[in-house]
Amino acid sequence: MYEEEQIRSIINLPNTYIGEAPIDVDDCQWIRSGSGVSRIHFAKETYDKPHFSIVCRGVKNREVKERTRQIYDTIKNYVGNGFVIIISRLPHFVGRDDKGRTLYSFRIEYQLGGY
């Protein structure tokens with residue numbers, strides 16, 4: 001859960017959730033944990049690369065697309081204290097949910113150690 005909190009603080013926008021967003025909030029974004037890999041790297045140090053999806057939702061397509069781009073620009077190639085964030089899938093239109101709200105998404109790798 002620590003990584004998700006770090007990512008949320010980097011995004012730094014209201015209505016940013018971890019796991020999933022409440023169904024009644026129209027304009028929001030959330031961080032969903034995916035999979036990832038953990039390998040033994042040089043000198044037997046762990047090189048962890050957990051994956052996360054960033055999903056943006058909203059009523060107005062153009063606004064959601066711009067917000068997704070803003071988050072993408074903020075988070076791409078981010079270097080923190082002991083970690084880096086790499087974009088593994090570019091932002092893309094996912095479709096609309098049952099309430100007709102637009103969804104965009106992209107994937108990141110949160111790389112710990114070994115870099």
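Okay, thanks everyone. Before anything else, please keep in mind that we're looking at a predicted model.

Let's start at helix 1, which runs over residues 2–11. Which of its residues are buried? They are Glu3, Glu4, Gln6, Ile7, Ile10 and Ile11. If you look down the axis of helix 1, those buried residues fall within an arc of 160 degrees, so they line one face of the helix.

Asn12 sits in the loop between helix 1 and strand 1, with strand 1 covering 16–18. Have a look at its backbone: phi of Asn12 is positive, near 55 degrees, in a residue other than glycine. And is Asn12 buried or exposed? Asn12 is exposed, with a relative accessible area of 63%. Stay in that loop for a second, please, and find Asn15. Asn15 isn't a glycine, yet it has a positive phi of about 60 degrees. Asn15 counts as partly exposed, at 36% relative accessibility.

On to helix 2, residues 61–75. Helix 2 has 15 residues, and from its first C-alpha to its last it reaches 21 Å, close to the 21 Å expected at 1.5 Å a residue. Its buried residues are Val64, Arg67, Thr68, Ile71, Tyr72 and Ile75. These cover an arc of only 140 degrees around the axis, which puts them on the same side of helix 2.

Let me pick out Thr68 from that set. Thr68 is buried, with a relative accessible area of 1%. What does Thr68 touch, once we leave aside its neighbours within four places in sequence? Thr68 is in contact with Cys56, Pro91, Tyr104 and Phe106. Past the end of helix 2 there's an asparagine again: Asn77 follows helix 2, and its phi is positive, near 55 degrees.

Now the strands. Strand 5, residues 83–96, pairs with strand 6 in the antiparallel sense over 10 bridges. As one example, Ile86 has Glu109 in strand 6 as its bridge partner. The hairpin of these two strands has five residues between them, and in it Gly100 takes a positive phi near 80 degrees. Strand 6 itself covers residues 102–112 and is mostly covered, with nine of its 11 residues buried.

So what's in the middle of all this? The largest nonpolar core has 18 residues. Those with the most contacts inside this core are Ile7, Ile11, Ile54, Ile75, Ile85, Phe106 and Ile108. Where do the core residues come from? Helix 1, strand 3 (46–58), helix 2, strand 5 and strand 6 each supply at least two.

One last stop. There's also a second, separate core of six residues, including Ala21, Cys28, Val55 and Leu103.

Definitions and conventions. Residues are numbered from 1 along each chain as its sequence is written. This is a predicted model: local features need pLDDT of at least 70, side-chain atom pairs count only at pLDDT 80 or more; totals for chains, interfaces and linings use all residues. Side-chain values use heavy atoms; hydrogens and water are left out. Buried means under 20% relative accessible area, exposed over 50%, partly exposed in between (1.4 Å probe, protein chains only). Helices (H or I, at least four residues) and strands (E, at least two) are DSSP runs, numbered from the N terminus. The arc is that of the directions from the helix axis to the C-beta atoms. Contact means heavy atoms within 4.5 Å. Two strands pair if DSSP finds at least two bridges between them. A nonpolar core is a set of buried Ala, Val, Leu, Ile, Met, Phe, Trp, Tyr and Cys residues joined through side-chain atoms within 4.5 Å. The expected span of a helix is 1.5 Å times one less than its number of residues.
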